[in-house]
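Please keep the sequence and the structure in view while reading.

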Amino acid sequence: MTDADRRPRIVALPGDGIGPEIVASARRLLDAVGEFEVTEHPVGGASIDEHGTALTDEVLRACESADAVLLGAVGGPRWETTDPDAPRPEQGLLGLRKGLGLYANLRPVRPSAALAHASPLREERIRNTDLLVVRELTGGIYFGDRGRSEAGAHDTCEYSVAEIERIAGTAFDAARARASGGKGARVTSVDKANVLETSRLWRETVDRVAAEHQDLELEDMLVDNAAMQLVAAPSRFNVILTENMFGDILSDEAAMLTGSLGMLPSASLGDGGPGLFEPVHGSAPDIAGTGTANPLATFLSVALMLRYGLERPGDADRIESAVDAVLERGLRTPDLCWVEPGRPPMSDVPAEVEVGTQEMTDAVIEELQRA
Ligand code: IPM
Ligand code: MG
């Protein structure tokens with residue numbers, strides 16, 4: 001069997017909360033798309049319960065030798081603690097990012113037309129919003145020196161020139177790829193250069209790298225201003241390039257433009273080696289086991305996996321179209337059903353039908369098979 005014939009190997013890490021439910025749905029979707037070899041392993045709280053640590057060496061090894069990794073979510077109140085020495089589910093995710101060298105996190109935000117009215121912002125505000133958050137994922141305050149003493153605690157934010165250069169390269173490449181669709185290659189680099197030394201290095205480095213590329217349009221923006229602009233005028237953004245912590249915060253904010261955090265997928269990539277694909281929403285322990293979790297961000301993450309991780313862009317397009325189609329038909333998990341009290345029903349919007357995880361999964365698979 002040649003390498004091209006072999007079935008792509010996917011490691012699925014369901015994790016905690018709604019993670020197992022949405023990953024089970026994703027596996028059904030994958031079965032409808034083609035033949036994949038999928039193996040499951042525990043991570044996060046599930047791994048703490050089984051092995052006392054959020055990520056075992058064995059699971060990291062399995063991920064390293066896969067073609068792609070699909071993750072559900074980690075964390076939950078069961079494992080929450082302020083004890084600095086106790087294991088925490090999030091260490092599983094951070095260990096995977098560091099261990100697999102996944103320094104580039106891509107979070108595309110494109111509100112679906114059918115959900116425009118579900119956004120907390122007015123429709124005219126989010127119209128034409130189509131942006132990509134490029135978040136640095138293996139540096140900054142997430143990975144710097146930290147500690148606790150009797151009297152206090154500290155976390156350190158550090159960035160090297162090389163780390164900034166490589167994530168800037170990712171953002172510039174992404175902007176160029178998006179520009180082929182008619183838009184210019186615009187990048188907004190977000191920092192806090194008026195206060196932080198790492199941000200001044202960030203700005204200096206990004207500006208220098210951008211100057212080497214004549215086709216790029218770069219603007220620098222302070223993070224507080226960016227947070228404000230994201231809700232005031234989201235459509236002004238194209239690619240947002242930022243460091244780890246700012247990217248964490250801004251991407252949740254940007255996700256709400258789509259009407260629900262339940263819609264945002266993400267891809268974490270390194271240089272060669274498998275990428276990790278996961279929904280942004282987290283483990284939602286409050287609805288775990290109720291059969292109401294929204295599987296769409298996971299399906300869109302599967303699409304990113306097929307596009308960026310397994311070189312199957314056609315299959316990725318098919319999944320994205322199928323998701324759009326079920327939303328157009330009015331199917332909604334409860335998180336998407338939010339309608340502003342007092343707002344009159346809109347005549348051009350199909351009646352919304354509230355469905356659970358299984359029905360939503362069935363509907364997307366049906367659309368996929370119909371196309
Ligand atoms: C995310 C999450 C993680 C992060 C947590 C779970 C560690 O919020 O992927 O955005 O902060 O990066
Ligand atoms: Mg986050």
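This is a predicted model: local features need pLDDT of at least 70, side-chain atom pairs count only at pLDDT 80 or more; totals for chains, interfaces and linings use all residues.

**The ligand and its surroundings**

An oxygen atom of ligand 1 lies 2.9 Å from an N or O atom in the side chain of Asp248. The protein covers 78% of the 320 Å² of accessible area that ligand 1 has on its own. The points below set out the contacts of ligand 1, the residues around it, and the chain as a whole.

**Polar contacts**

- The side chain of Arg97 places a polar atom 2.7 Å from an oxygen atom of ligand 1.
- Arg135 also has a polar side-chain atom facing an oxygen atom of ligand 1, here at 2.8 Å.

**The shell around ligand 1**

- The residues that surround ligand 1 are Glu90, Leu93, Arg97, Arg107, Arg135, Tyr142 and Asp248.
- Of these residues, five are charged and two are nonpolar, while no polar residue is present.
- Helix 4, which spans residues 90-99, contributes the most to this shell, with three residues.
- The site of ligand 1 is the largest pocket.

**The chain as a whole**

- The chain contains twelve helices and 14 strands.
- Its radius of gyration is 20 Å, close to the 21 Å that the globule rule gives for 371 residues, so the chain is as compact as a globular protein of that length.
- Taken along the principal axes, the box filled by the C-alpha atoms of the chain is roughly 50 × 50 × 50 Å.

Methods. Residues are numbered from 1 along each chain as its sequence is written. Chains are lettered from A and ligands numbered from 1 in the order in which they are written. Side-chain values use heavy atoms; hydrogens and water are left out. A residue is near a molecule or strand if one of its heavy atoms lies within 4 Å of it. A polar contact is a pair of N or O atoms within 3.5 Å; within protein, one must be able to donate a hydrogen and the other to accept it, and residues adjacent in sequence count only if both atoms are side-chain atoms. Accessible areas come from the Shrake-Rupley method with a 1.4 Å probe; for residues, only the protein chains shown count as cover. On a 1 Å grid over the protein atoms alone, a cavity is a set of points where a 1.4 Å probe fits but cannot get out, and a pocket is an open set with protein on both sides within 12 Å along at least five of seven lines; lining residues have an atom within 4 Å of a point. A molecule sits in a cavity or pocket if more than half of its atoms lie within 2 Å of its grid points. Helices (H or I, at least four residues) and strands (E, at least two) are DSSP runs, numbered from the N terminus. Ala, Val, Leu, Ile, Met, Phe, Trp, Tyr, Cys and Pro count as nonpolar, Asp, Glu, Lys and Arg as charged, and the others, Gly among them, as polar. The radius of gyration is taken over C-alpha atoms; the globule rule is 2.2 Å times the number of residues to the power 0.38.
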